[in-house]
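Q: Could you take me through this structure, giving the general idea behind each feature before the particular case?

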Amino acid sequence: MKRKITLGEFIIQQQTEYPHARGEMSQLLSALMVSGKIINKAVQHGGLNEGVLGASGDENVQGETQQKLDILANNIIIEAFEQRQEVCGIASEENEQVVVLEKKYKEVGKYVLLIDPLDGSSNIDVTVSVGTIFAIYRRVTPEGSEAILKDFLQPGLKQVAAGYIIYGSSTMMVYSTGNGVNGFTLDPSSGVFFLTHPNIRIPETGPYYSVNEGKMHLFPKQYQDYIESCKVPKSEKDSLVDCRYTGSLVADFHRSLLKGGIYLYPPSTFHPNGKLRLLYECNPLAFLCEQAGGKAINGEGRVLEMQPTDLHQRAPLVIGSTKMVEQFERMRGVV
Ligand code: P6P
């Protein structure tokens with residue numbers, strides 16, 4: 001049987017489709033692949049690595065407890081790009097300000113990278129899947145100058161690539177450069193990512209809804225009505241929709257992407273704009289979801305059309321199978 005193609009081979013194949021490509025995007029994706037392998041090793045070893053698990057004792061810019069692995073994953077990615085010249089700056093959940101990469105080379109890159117280095121990290125100590133989320137944009141300021149905030153505060157529609165690496169029962173890298181979504185599974189014995197999920201399409205409906213029902217009483221009525229509608233089949237023919245919620249966005253989104261379903265992080269009295277960050281959580285997943293034929297809204301309109309005003313701003317998120325998101329919209333008479 002012919003072997004599956006590797007992520008590296010796939011990236012090169014994709015590059016040949018852009019005759020003028022200079023290979024920078026290929027190099028950038030390869031750097032993320034390498035970072036993912038190193039982070040995967042730290043995550044999979046968990047408690048075996050003395051002192052790697054648990055909280056760091058510090059808080060991130062959001063005032064949330066930083067896990068030691070959050071900081072480790074963040075450093076792994078930043079260090080990977082400090083050695084290269086494709087990216088002129090990085091914005092991270094773990095850094096209050098953008099990280100401007102030195103002009104170590106004759107020029108700095110034409111791309112900026114936005115990351116949640118280890119989303120769901122509070123789950124690590126209990127061995128629940130976690131993930132790295134990334135978004136890539138072309139800079140909007142002149143090449144050669146230092147990256148500035150304006151390079152990062154771009155609408156999600158401007159993403160040139162986005163994806164995630166999920167560290168779960170297996171480790172996968174799922175990404176899109178705007179021509180569909182493909183998934184690659186890491187073979188631990190060889191350290192190679194192989195194409196296992198070509199051209200992923202999200203089912204137009206699915207068997208799961210994913211939301212933290214413990215906060216149901218805090219949600220706006222539209223969200224409460226939709227969640228209740230998932231529990232009451234409209235008729236005998238309607239299959240029941242089950243609840244699945246891991247508390248790890250990447251894991252909950254990955255399930256919806258492959259099986260069909262909907263994930264909701266609503267606004268609430270605690271989080272008037274939801275808890276998830278627009279730039280490095282909502283936008284990259286919304287890009288992937290739309291590329292796979294799904295829908296992603298902020299409760300009002302398309303996530304990708306939002307004009308960011310702050311690096312760490314939050315946004316409500318309703319994302320997944322198109323028919324389920326449209327059912328949510330009908331609860332407010334939108335569709
Ligand atoms: P809650 C993890 O902190 C995260 O950002 C997402 O990965 C996850 O979906 C969400 O928060 C969980 O938040 O309020 O349900 O615990």
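Q: How far is an oxygen atom of the ligand from an N or O atom in the side chain of Tyr 263?

A: Some conventions come before the case: this is a predicted model, in which local features need pLDDT of at least 70 and side-chain atom pairs count only at pLDDT 80 or more, while totals for chains, interfaces and linings use all residues. Residues are numbered from 1 along each chain as its sequence is written, and side-chain values use heavy atoms, with hydrogens and water left out. A polar contact is a pair of N or O atoms within 3.5 Å (within protein, one must be able to donate a hydrogen and the other to accept it, and residues adjacent in sequence count only if both atoms are side-chain atoms). Here the distance for Tyr 263 is 2.7 Å, and an oxygen atom of the ligand also lies 2.6 Å from a side-chain N or O atom of Tyr 265, while for a polar side-chain atom of Lys 275 the distance to a ligand oxygen is 3.0 Å.

Q: How much of the ligand's accessible area does the protein cover, and how many residues surround the ligand?

A: Accessible areas come from the Shrake-Rupley method with a 1.4 Å probe, and for residues only the protein chains shown count as cover. On its own the ligand has 400 Å² of accessible area, of which the protein covers 85%. A residue is near a molecule if one of its heavy atoms lies within 4 Å of it; 14 residues surround the ligand, and Asp 119, Lys 215 and Tyr 245 are among the closest.

Q: How many aromatic pairs does the structure hold?

A: Rings of Phe, Tyr and Trp (its six-membered ring) pair if their centres lie within 6.5 Å, with planes under 30 degrees apart counted as stacked, over 60 as edge-to-face and the rest as tilted. The structure holds 7 such pairs. In one of them, the rings of Phe 10 and Phe 184 have centres 5.1 Å apart and planes at 65°, so this pair is edge-to-face. Because Phe 10 lies in helix α1 (residues 7-16) and Phe 184 in strand β9 (residues 182-187), the pair ties together parts that are 174 residues apart in sequence; helices (H or I, at least four residues) and strands (E, at least two) are DSSP runs, numbered from the N terminus.

Q: Are Phe 10 and Phe 184 buried or exposed?

A: Buried means under 20% relative accessible area, exposed over 50%, and partly exposed in between (1.4 Å probe, protein chains only). Phe 10 and Phe 184 are buried.
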